[in-house]
Amino acid sequence: MQGFVKGDVVALVSGNRVDYCCYWLGLSMLGCTTALVNCHLRQAALLHTLTVARARAVLYSPDLAAAVAQISPSLPSKRSLPLREHQG
């Protein structure tokens, strides 16, 4: 199954970005619960947060790709998607 449906929990791991609220509101409009994750978490703390949130997927900003890649083998959801690089 592709995409997100009402009731899905999607983690958003990103720093301050112009489009942060757009992703958050877009997921809300789909009926998803957005788990807003602190972008400074790494390794065990990040994995714990994503596991407790029971996120079906993780959306992350490109600058956090290394942090997500480091824990991705242990993620229950196994689905991580990078946000597009902002063209400003």
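T34 is buried (under 20% relative accessible area, with over 50% called exposed and partly exposed in between; 1.4 Å probe, protein chains only), at a relative accessible area of 14%. The model is predicted: local features need pLDDT of at least 70, side-chain atom pairs count only at pLDDT 80 or more, and totals for chains, interfaces and linings use all residues. Residues are numbered from 1 along each chain as its sequence is written, and side-chain values use heavy atoms, without hydrogens and water.

T34 belongs to strand β2, residues 33–37. Helices (H or I, at least four residues) and strands (E, at least two) are DSSP runs, numbered from the N terminus. Leaving aside residues up to four places away in sequence, T34 touches V10, L12, W24, L27 and S28. Contact means heavy atoms within 4.5 Å.

Four strands form an open sheet in the order β2-β1-β3-β4, with parallel pairing. Two strands pair if DSSP finds at least two bridges between them. The edge strands, β2 and β4 (80–82), each pair on one side only. Between β1 and β2, the parallel pairing spans five bridges. A11 stands opposite A35 in β2. Helix α1 (residues 20–29) packs on the sheet and touches β1, β2 and β3. Its direction makes about 150° with that of β2. Helix α2 lies across β1, β2 and β3, at about 165° to β2. Axes are lines fitted to C-alpha atoms, for helices over the stretch in contact; angles run from 0 to 180 degrees between N-to-C directions.

V58 touches A11, V13, L50, L75, R79, S80 and L81, again not counting residues up to four places away in sequence.
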